[in-house]
Amino acid sequence: MSFVLERETPPLREDETGAIRVGNSRVLLEVVIRAFQDGASPESIVQRYSTLSLSDVYSTIGYYLRHQNTVETYLNHREHLAESVQQRLSSLQPDLNPIRSRLLAQQQS
C-alpha cells in the first residue's frame with residue numbers, strides 16, 4: 001500500500017480590500033494569528049469564531065509558523081493601516097471632551 005502525499009495550499013484568500021481571510025469565513029488572518037500568539041488553542045479560536053473550521057485554523061497556524069517573517073510583515077502593515085485609519089477618523093470627528101465634561105457635571109449634580 002502506498003501513501004500519496006498531496007501538496008495543499010493554505011486556506012487563505014485575499015478579499016477585495018486586500019485583507020487576508022481564513023477559509024470560507026470573513027475572519028481575518030490577523031485575528032487568528034494574534035489569538036494564537038496570545039495563547040489561544042486552535043479549538044478555542046474555533047469556539048470564538050464559529051465560521052472557522054478546525055482544520056483551517058490548524059493549517060493557518062502551521063503556515064504562520066513556517067512563514068513567520070512574511071506573515072509578521074503583513075500583520076505589521078495591517079496594524080499601520082488601522083492606525084492611519086483611526087487617526088484620519090479622529091481628525092474628522094469634533095472634540096467631544098467639552099460635551100463629556102458637561103454630561104459628567106450634570107450627572108454629579
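Select helix 1 (residues 29-37) and look at the residues of helix 1 that are buried, namely L29, E30, V32, I33 and A35. Buried here means under 20% relative accessible area, while exposed means over 50% and partly exposed is in between, using a 1.4 Å probe and protein chains only. These buried residues pack against strand 1, strand 2, helix 2 (42-48), helix 3 and helix 4. Helices (H or I, at least four residues) and strands (E, at least two) are DSSP runs, numbered from the N terminus.

Before you go on, know that this is a predicted model, in which local features need pLDDT of at least 70, side-chain atom pairs count only at pLDDT 80 or more, and totals for chains, interfaces and linings use all residues. Residues are numbered from 1 along each chain as its sequence is written, and side-chain values use heavy atoms, with hydrogens and water left out.

**Stop 1: the end of helix 1**

**Stop 2: an aromatic pair**

Now show F36 and Y64. A pair of aromatic rings is described by the distance of the centres and the angle of the planes. A search of the whole structure finds one aromatic pair. F36 and Y64 form this pair edge-to-face, with 6.4 Å centre to centre and 80° between the planes. For the rule behind that, rings of Phe, Tyr and Trp (its six-membered ring) pair if their centres lie within 6.5 Å; planes under 30 degrees apart count as stacked, over 60 as edge-to-face and the rest as tilted. Because F36 lies in helix 1 and Y64 in helix 3, the pair ties together parts that are 28 residues apart in sequence. Is Y64 buried or exposed? Y64 is buried, with a relative accessible area of 7%, whereas F36 is partly exposed at 27%.

**Stop 3: where helix 3 meets helix 4**

Select residues 54-66 for helix 3 and 68-92 for helix 4; their axes come within 5 Å and cross at roughly 105°. The axes are lines fitted to C-alpha atoms, for helices over the stretch in contact, and angles run from 0 to 180 degrees between N-to-C directions. Helix 3 is therefore roughly perpendicular to helix 4. Angles of 65 to 115 degrees count as roughly perpendicular, under 35 as roughly parallel, over 145 as roughly antiparallel and the rest as oblique. Y63, Y64, L65 and R66 of helix 3 make the contact with Q68, V71 and E72 of helix 4, where contact means heavy atoms within 4.5 Å.

**Stop 4: S25**

Next, pick S25 in the loop between strand 2 and helix 1. S25 counts as buried, at 2% relative accessibility. A polar atom of the S25 side chain lies 2.6 Å from the backbone oxygen of V22. Leaving aside neighbours within four places in sequence, S25 is in contact with R13, T51 and L52.

**Stop 5: D15**

Finish at D15, in the loop between strand 1 (12-14) and strand 2 (20-22). D15 is buried too, with a relative accessible area of 8%.

Definitions and conventions. Polar contact = N/O pair within 3.5 Å; in protein donor to acceptor, adjacent residues only side chain to side chain.
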